Amino acid sequence: MNNIKNKTKEETMTYLITNNKDIRDHFEKDFSNTSDARHWITNHLDLSKEWTITKATNKAKKKLDQMELFIFI
């Protein structure tokens with residue numbers, strides 16, 4: 001009998017990465033954890049800006065959409 005471990009695809013979750021000063025500057029990306037999201041920010045975004053990482057729940061997405069609408073009005 002073989003004891004072969006099946007490799008499974010790592011579970012990911014969608015996160016919102018939002019600029020604290022300008023919410024129009026935001027990203028929705030899949031990461032395995034917030035540490036991976038922080039590494040992505042370090043490697044790809046302007047570090048002179050402050051960024052917030054939140055789980056991309058429907059509630060969080062709706063709040064972001066409402067805030068964007070408020071800015072454009």
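Me: Which residues line the largest pocket?

Reply: Rolling a probe the size of a water molecule over the atoms shows where empty space is left. A pocket is an open set of points on a 1 Å grid over the protein atoms alone, where a 1.4 Å probe fits, with protein on both sides within 12 Å along at least five of seven lines; lining residues have an atom within 4 Å of a point. The model is predicted, so local features need pLDDT of at least 70 and side-chain atom pairs pLDDT 80 or more, while totals for chains, interfaces and linings use all residues. Residues are numbered from 1 along each chain as its sequence is written, and side-chain values use heavy atoms, without hydrogens and water. Here the lining of the largest pocket consists of Leu16, Thr18, Ile23, Thr52, Thr54, Ala60, Lys63, Leu64 and Met67.

Me: Which elements give two or more residues to that lining?

Reply: Helices (H or I, at least four residues) and strands (E, at least two) are DSSP runs, numbered from the N terminus. Strand S1 (13-19), strand S3 (51-55) and helix H2 (58-72) each give two or more residues to the lining of the largest pocket. H2 gives the most, with four residues.

Me: What are the volume of the largest pocket and the classes of its lining residues?

Reply: A volume is the space filled by probe spheres set on the grid points, which are joined across faces, edges and corners. For the largest pocket this is about 180 Å³. As to class, Ala, Val, Leu, Ile, Met, Phe, Trp, Tyr, Cys and Pro count as nonpolar, Asp, Glu, Lys and Arg as charged, and the others, Gly among them, as polar. The lining has five nonpolar, three polar and one charged residues.

Me: In what order do the strands of the sheet lie?

Reply: Strands of a sheet pair through backbone hydrogen bonds, either parallel or antiparallel. Two strands count as paired if DSSP finds at least two bridges between them. In this model three strands form an open sheet in the order S2-S1-S3, with antiparallel pairing. S2 and S3 are the edge strands, each pairing on one side only. From one strand to the next the twist averages 25°; the axes behind such angles are lines fitted to C-alpha atoms, for helices over the stretch in contact, and the angles run from 0 to 180 degrees between N-to-C directions. Along the sequence, the chain follows the pattern β-β-α-β-α.

Me: How many bridges join S1 to S2, and how many join S1 and S3?

Reply: S1 and S2 are joined by six bridges, and S1 and S3 by five. S1 and S2 also form a hairpin with six residues between them. Met13 stands opposite Phe31 in S2, and Asn19 stands opposite Trp51 in S3. Ile17 faces Phe27 in S2 and has Ile53 as its bridge partner in S3.

Me: Why is S1 described as largely enclosed by the rest of the structure?

Reply: Buried means under 20% relative accessible area, exposed over 50%, and partly exposed in between (1.4 Å probe, protein chains only). S1 is largely enclosed because five of its seven residues are buried. In the chain of 73 residues, 21% are buried.

Me: How many aromatic pairs are counted?

Reply: A pair of aromatic rings is described by the distance of the centres and the angle of the planes. Rings of Phe, Tyr and Trp (its six-membered ring) pair if their centres lie within 6.5 Å; planes under 30 degrees apart count as stacked, over 60 as edge-to-face and the rest as tilted. The count is four aromatic pairs. The rings of Tyr15 and Phe31 are tilted, because their centres are 6.4 Å apart and their planes stand at 45°. This pair links distant parts of the chain, with Tyr15 in strand S1 and Phe31 in strand S2 (residues 26-31), 16 residues apart. Phe31 and Trp40 also form a tilted pair, with centres 6.1 Å apart and planes at 55°.

Me: Which residues form the aromatic cluster?

Reply: Tyr15, Phe27, Phe31, Trp40 and Trp51 form one aromatic cluster. Tyr15 is buried at 6% relative accessible area, and Phe31 is buried at 9%.
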